[in-house]
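User: Could you walk me through this protein chain? I'm new to reading structures, so please take it slowly.
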Amino acid sequence: AYHWLPSALVTLRKSLPGLHLSLAVEHTQDPVSALVAGELDVALLTTSTVPRAGLESRPLFSDEIIFVVAASHPLASRRALTREDLREHTLLTGQTPAAESHWFMTQVFGRERPRLRVERLPLTEAILDVARAGLGVAVLSEWITTPHLGKGEFVVKRLASGPLRRPWRMAWRKEVGDAALRLHAALEPTVPRGLAVG
């Protein structure tokens with residue numbers, strides 16, 4: 001969310017001047033457990049999973065996960081990618097939480113659990129640099145990738161089965177419900193263009 005969250009925070013501070021906000025990136029891998037433990041009041045989640053008892057959540061928006069390959073990659077000339085393509089090539093992705101990895105596998109492969117070659121890299125730029133070298137297929141959000149696509153080095157691919165839309169939710173502990181609902185209402189208008197609200 002680093003590509004849109006800072007500008008959203010500026011807008012939030014103007015509309016909710018009493019808001020105290022600290023980013024707790026140390027909880028990125030397991031935000032639901034941090035909510036349950038009371039270490040967070042609110043979390044952004046990138047799966048449609050409904051949080052545990054004692055927590056509430058609402059949809060915020062959805063984005064599209066795309067596949068990016070070097071213009072010279074063997075898959076670059078394909079109209080769309082298949083599951084078999086993803087099985088045969090190294091997937092390049094970020095340090096995604098287990099719940100999001102599970103979501104991806106379920107959306108793409110259903111009940112099947114193929115052994116995939118996955119390289120997890122810490123930065124979008126690193127993922128794209130490795131993809132640019134032809135060493136794999138980058139799996140990224142469209143809105144993260146778009147600023148990097150203008151030079152013709154990359155080709156964007158989608159699955160033959162259709163767009164892969166990832167839901168984002170805002171979840172919170174019930175005891176902060178009123179403030180969280182105000183935050184949710186204030187966040188919705190800050191969602192960047194290209195993301196589907198709701």
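**A walk through the model**

Analyst: Let us begin with H27, which is found in the loop between helix 1 (5-15) and helix 2 (31-36). Please keep in mind throughout that this is a predicted model.

User: OK, and is H27 buried or exposed?

Analyst: H27 is buried, because its relative accessible area is 15% and buried means under 20%.

User: What does H27 touch?

Analyst: If we leave aside residues up to four places away in sequence, H27 touches A34, E39 and L40.

User: And where does S33 lie?

Analyst: S33 lies in helix 2, and with a relative accessibility of 26% it counts as partly exposed.

User: Let's zoom out. How many helices and strands are there?

Analyst: The secondary structure of the protein chain comes to 7 helices and 8 strands. The radius of gyration is 18 Å, close to the 16 Å that the globule rule gives for 198 residues, so the chain is as compact as a globular protein of that length. Taken along the principal axes, the C-alpha atoms fill a box of roughly 50 × 35 × 25 Å.

User: How much of the chain is buried?

Analyst: Buried residues make up 43% of the 198 residues in the protein chain. The accessible surface comes to about 10,800 Å², and 53% of that surface belongs to carbon and sulfur atoms.

User: Switching to charges, how many positive and negative side chains does it have?

Analyst: The protein chain has 24 positive and 20 negative side chains, and the centres of these two sets lie 4 Å apart.

User: How many salt bridges does the structure hold?

Analyst: The structure holds 11 salt bridges. One of them is formed by the side chains of E64 and R158, which meet at 2.6 Å, N to O. E64 lies in strand 2 (residues 55-70) and R158 in the loop between strand 6 (154-157) and strand 7 (164-173), so this pair ties together parts that are 94 residues apart in sequence.

User: Which of those two is buried, going by relative accessibility?

Analyst: E64 counts as buried, with a relative accessibility of 8%, whereas R158 counts as partly exposed at 33%.

User: Where do E84 and R87 lie?

Analyst: E84 and R87 both lie in helix 3 (residues 83-88), where they are 3 residues apart, about one turn of the helix. Their side chains meet in a salt bridge at 2.7 Å, N to O. E84 counts as partly exposed at 38% relative accessibility, and R87 counts as partly exposed at 23%.

User: And what does E100 form a salt bridge with?

Analyst: E100 forms a salt bridge with R166, and the closest N and O atoms of the pair are 2.5 Å apart. E100 lies in helix 4 (residues 98-109) and R166 in strand 7, so the pair ties together parts that are 66 residues apart in sequence. E100 counts as buried at 12% relative accessibility, and R166 counts as buried at 8%.

User: Which residues are joined into a network by salt bridges that share partners?

Analyst: Salt bridges that share partners join D41, R173 and E175 into one network.

User: Last topic, which residues of helix 7 are buried?

Analyst: In helix 7 (residues 177-187), the buried residues are G177, A180, L183, H184, A186 and L187.

User: And what covers them?

Analyst: What covers the buried residues of helix 7 includes helix 1, strand 1 (42-45), strand 2 and strand 7.

Key
Residues numbered from 1 in each chain as written. Predicted model: local features only at pLDDT ≥ 70, side-chain atom pairs only at ≥ 80, totals over all residues. Heavy atoms only, no water. Helix = DSSP H or I, 4+ residues; strand = E, 2+ residues; numbered from the N terminus. Rg over C-alpha atoms; globule rule 2.2 N^0.38 Å. Buried < 20%, exposed > 50% of the residue type's maximum accessible area, 1.4 Å probe, protein only. Areas by Shrake-Rupley, 256 points an atom, 1.4 Å probe, with all protein chains shown as cover. Lys, Arg positive; Asp, Glu negative; His and termini not counted. Charge placed at Lys NZ, Arg CZ, Asp CG, Glu CD. Salt bridge = Lys/Arg side-chain N within 4 Å of Asp/Glu carboxyl O. Contact = heavy atoms within 4.5 Å.
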